[in-house]
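Work through the exercises below with the sequence and the model open. Each task is followed by a solution in steps.

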Amino acid sequence: MILGIETSCDETAAAVITPDGRILSNVVSSQADLHARYGGVVPEVASRRHLELVTPVVQEALRDSGTTLDDVDLVGVTAGPGLIGALLVGVAAAKAIAWARRLPLAAVDHLQGHVASLYLEPDPVEPPFLCLLASGGHTMLLDVQERNGKPRVLGATLDDAAGEAFDKGARLLGFGYPGGAELDHVARNGDPSAYAFPVARVPGLDFSFSGLKTALLYAVRKLTAEEGERRRADLAASYQRAIVRALVERTRQAAEQIGATRIAVVGGVAANSELRAALAEARAAPLALCTDNAAMIASAARFSNPIHYPGYLGLDAYASTA
Amino acid sequence: MLILAFDTATDVATSALVSDGEVLGERRSRAVTVLEDIDALLRQAGAHTRELEGIAVGIGPGSFTGVRIGLATARGLALALGVPVAGVSTLDALAAGALGALPVVDARRGEVFVLEDEPRVLAPAELRPSPGTLCVGSGAVRYRSVLEAAGAEIPADQDERHVPRARFHAQLARDFGPAEAVEPMYLRVPDADKTRK
Ligand SMILES: Nc1ncnc2c1ncn2[C@@H]1O[C@H](COP(=O)(O)OP(=O)(O)OP(=O)(O)O)[C@@H](O)[C@H]1O
Ligand SMILES: [Mg+2]
């Protein structure tokens, strides 16, 4: 079995999968409520919570899967990118568990983890494919040729990530943090053509979302509080439409450019109902595996080159890929 | 009782393997590489992980990240080996290694962690050691001039009493129990103005 551990941002997660990619357990303890009152993730608050939760979550994942550590052959842990203090909690715990049992350890890249959410049973996606990764911290187009190794980056956001654009817009509309999912929900009752929110067209296959929230801000400012309340669903729907359009357009353009026959979507924003509908030709990650989880980390571990004892004893975490 | 002790709360991570009070080995490195030391300690002593009977871990105060690396390591080991854990204050361990001394740990941001009647965080200038008080620890080294002007005596920078030594954690460890019951000593609330998004 493969034990996966993820603590890169504000979800403490652990999962157990089989060597052939079946999920036996997938425990995610979200700290969203803890950070909501700050309107964003407070790194020190997140790190403290990860320490409280990391071993209980691992124990729960083992219990839920009906296995024990005796059945585990490989430990996979997110080593970066993410909040460094948060990552280090998961890495320290994973190293200790691996060392105590003389198990190999896979240092998983969080973004490859998101892509690997597509490789789990019952319906795994086979490379090659073009992958849109849209999450809270990243928005990228990836040329995925094989399950192991780093994919080529075809385009990325020049400013805000798509999830960040959802969250900032949601905040302007008065939703709690992180508001992406709630905005998605409210937008279903709104008119997506009520407002025209322009998305900047940048050259190549990159994205830019920072102008969008300014446009929303101006639109909201023009309204009285009562009007704003009444038109909230229209604003949400129009705003979402603009983000989704930009994502879909660039993704199709990239697919054409590299001649990709298959498209996939992963990351928190892949949970968005409009995006899933608009990119109907794409394979979207299963809903439960879009936002951060450890099953995807275990899945990536399965296709990585594990580090054998004692090579990982000094393993460090990294905040960014740069 | 075979005890593995370590403390990663300060810049110098310390670890020791202690058998019924006998120090089988003691090593120093950094928090991120403390497991390399632990591995070397067991190998040198010819001991197997199965033989460990308890873990004594430093709970700080010190660097928040350092404290957490130590506790996450202890909790991971406890989970995988089924051994009990005891927490030891980094200040207590420093005090045990320098009898009669006042431990002063660098807390960054111009402050220090000290053990007066209880662990506290304060500015070095607020610490009024009675004349002749021996001060040890990273804070004593960093704020040597302030503290010496106040009448404290501070050993040379290289003196081993300035760094926590895990043999003392093993010595002080009491009440071994579930790892999750051993909590970090932060002494500061998180900085909430820094959000990621
Ligand atoms: N239904 C949805 N519609 C739009 N956005 C959504 C939806 N569900 C989740 N999100 C957004 O997804 C993001 C979280 O995704 P994820 O957990 O993958 O990001 P992250 O781990 O914080 O960032 P990264 O993976 O880049 O480090 C948040 O911005 C959230 O608002
Ligand atoms: Mg993520």
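## Exercise 1: The contact between the chains

The contact between the two chains takes 29 residues from chain B and 36 residues from chain A. The model is a predicted one.

**Task.** State which helices of chain B supply at least two residues each to the side that touches chain A, which element gives the most, and how the residues of that side divide by class.

**Solution.** 

Step 1. Helix H1 (34-45) and H2 of chain B each supply at least two residues to the side that touches chain A.

Step 2. The most comes from H2(B), with 13 residues.

Step 3. The side of chain B that touches chain A divides into 14 nonpolar, six polar and nine charged residues.

## Exercise 2: A helix pair across the chains

**Task.** Describe how helix H3 (residues 84-101) of chain A and helix H2 (residues 64-81) of chain B are placed against each other, and list the residues that make the contact.

**Solution.** 

Step 1. Two packed helices are described by the angle between their axes and the distance between the axes.

Step 2. The axes of H3(A) and H2(B) come within 7 Å and cross at roughly 30 degrees. Because angles under 35 degrees count as roughly parallel, H3(A) is roughly parallel to H2(B).

Step 3. The crossing of H3(A) with H2(B) is right-handed.

Step 4. From H3(A), the contact uses Gly85(A), Leu88(A), Val89(A), Ala92(A), Ala93(A), Ala94(A), Ala96(A), Ile97(A), Ala100(A) and Arg101(A). From H2(B), it uses Phe64(B), Thr65(B), Arg68(B), Ile69(B), Ala72(B), Thr73(B), Arg75(B), Gly76(B), Leu77(B), Leu79(B), Ala80(B) and Leu81(B).

Step 5. By class, the contact of H3(A) with H2(B) has 15 nonpolar, four polar and three charged residues.

## Exercise 3: The five-stranded sheet of chain A

**Task.** Give the strand order of the five-stranded sheet in chain A, identify the edge strands, and find the place of helix H11 (residues 295-302) of chain A against the strands.

**Solution.** 

Step 1. The strands form an open sheet in the order E3-E2-E1-E4-E5 (chain A), with mixed pairing. Strand E3 (23-30) and strand E5 (105-109) of chain A are the edge strands, since each pairs on one side only. On average, neighbouring strands of this sheet are turned by 15 degrees against each other, direction ignored.

Step 2. Strand E2 (residues 11-17) of chain A runs antiparallel to E3(A) and is joined to it by seven bridges. Ala13(A) has Val28(A) in E3(A) as its bridge partner.

Step 3. Helix H2 (residues 43-65) of chain A packs on the sheet and touches strand E1 (2-6), E2 and E3 of chain A. The direction of H2(A) makes about 25 degrees with that of E2(A).

Step 4. H11(A) lies across E1, E2, E3, strand E4 (74-80) and E5 of chain A, at about 125 degrees to E1(A).

## Exercise 4: A helix pair within chain A

**Task.** Characterise the packing of helix H5 (residues 162-172) of chain A with helix H9 (residues 232-258) of chain A.

**Solution.** 

Step 1. The axes of H5(A) and H9(A) come within 11 Å and cross at roughly 175 degrees. Because angles over 145 degrees count as roughly antiparallel, H5(A) is roughly antiparallel to H9(A).

Step 2. Ala162(A), Ala165(A), Phe166(A) and Gly169(A) in H5(A) meet Tyr239(A), Ile243(A) and Leu247(A) in H9(A).

Step 3. The contact of H5(A) with H9(A) has six nonpolar, one polar and no charged residues.

Terms used: Residues are numbered from 1 along each chain as its sequence is written. Chains are lettered from A and ligands numbered from 1 in the order in which they are written. This is a predicted model: local features need pLDDT of at least 70, side-chain atom pairs count only at pLDDT 80 or more; totals for chains, interfaces and linings use all residues. Axes are lines fitted to C-alpha atoms, for helices over the stretch in contact, and angles run from 0 to 180 degrees between N-to-C directions. Helices (H or I, at least four residues) and strands (E, at least two) are DSSP runs, numbered from the N terminus. Angles under 35 degrees count as roughly parallel, over 145 as roughly antiparallel, 65 to 115 as roughly perpendicular and the rest as oblique. A crossing is left-handed if the near helix is turned anticlockwise from the far one by less than a right angle, and right-handed if clockwise. Two residues are in contact if their C-beta atoms, placed from the backbone, lie within 7 Å. Ala, Val, Leu, Ile, Met, Phe, Trp, Tyr, Cys and Pro count as nonpolar, Asp, Glu, Lys and Arg as charged, and the others, Gly among them, as polar. Two strands pair if DSSP finds at least two bridges between them.
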